[in-house]
Amino acid sequence: GEREGAPTLPGAIEEVTWLDRSFRDVDLRLPGGSKGQLRPEDLGRYRVLHFASHTLLDDQHPWRSGILCDSSDSVSGGYLRASDIAPLRLSAKLAVLSGCESAGGRVLSGEGVLGLTGAFTSAGVPAVVATLWPVQDRITARLIREFYDSLEHGETAGSSLRRAQLAVRGDPRTRHPFYWAGFVIIGEGDVRVSLKRRTPVGTAVAASAVAAAFIVVLSALRPASRRRREDSL
């Protein structure tokens, strides 16, 4: 679960507010927001799923792994569990798990990686972007921006991630593979998604959940291990 007093991560907040500000038809879900608790069945209405949240991994019981969506829920702990996601039939082409070690899980003799990424692929999502180790907060926000910019210009998910990694790698301060090599695509790298850029006019709050094509979930308070803080960068 989440520790009391866990710090806010400005990069994660920057990440989701940029997505909401930049693209149309975004349903932004914030902790304690007015839209209520996110239910597993709500995910079926979106084409892109983006979670900037702490991920709880359970290698002994991979299907108990979860994404923190509502820390105020004392009953379920606020986690959207892999076991809740896997039975769904999702229409999303892409899921982005912008949290620490979200690709983790147990590998079972050719069956692939179980856990959160396996849950989304089981639910029919062809491409899942995840991280193999704790990633730095501000750098991740930059990488995510580069990734979605490329997607919006018609690049595939695989090509977009590659371009984003090269952009981070090209900065002398973030050349080390720690900052960019942990991001991977599970599934079909040739997936493309249709994103519509907002015009300068009409930057109001995103469309309703029923009409939205893109959901972004932020859990702003997470353990420090979710993304390693390196404020000198």
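Reader: At what angle do the axes of α4 and helix α5 cross?

Author: The axes of α4 and helix α5 (residues 157–169) come within 8 Å of each other. Axes here are lines fitted to C-alpha atoms, for helices over the stretch in contact, with angles from 0 to 180 degrees between N-to-C directions. Helices are DSSP runs (H or I, at least four residues) and strands likewise (E, at least two), numbered from the N terminus. The crossing of α4 and α5 is at roughly 140 degrees.

Reader: What kind of model is this?

Author: Residues are numbered from 1 along each chain as its sequence is written, and side-chain values use heavy atoms, with hydrogens and water left out. Local features need pLDDT of at least 70, side-chain atom pairs count only at pLDDT 80 or more, and totals for chains, interfaces and linings use all residues, as this is a model that is predicted.

Reader: Which residues of α5 make the contact with α4?

Author: Contact means heavy atoms within 4.5 Å. From α4 come I139, R142, L143, E146, F147, S150 and L151. Facing them in α5 are A157, S160, L161, R163, A164, Q165, A167 and V168.

Reader: And how far apart are the axes of helix α1 and helix α4?

Author: Helix α1 (residues 10–22) packs on helix α4 (residues 137–152) at an angle of about 20 degrees. The axes of α1 and α4 are 7 Å apart.

Reader: Which residue forms a salt bridge with E14?

Author: A salt bridge is a side-chain nitrogen of Lys or Arg within 4 Å of a carboxyl oxygen of Asp or Glu, and the whole structure has eleven salt bridges. For E14, the closest N and O atoms are 3.9 Å apart. E14 lies in helix α1 and its partner in helix α4, so the pair ties together parts that are 131 residues apart in sequence. The partner is R145.

Reader: Which strands stand at the edges of the open sheet?

Author: Three strands line up in the order β3-β4-β5, with antiparallel pairing; two strands pair if DSSP finds at least two bridges between them. Each edge strand has a single partner strand, so one side of each is left without a neighbour in the sheet. Those edge strands are β3 (55–56) and β5 (79–81).
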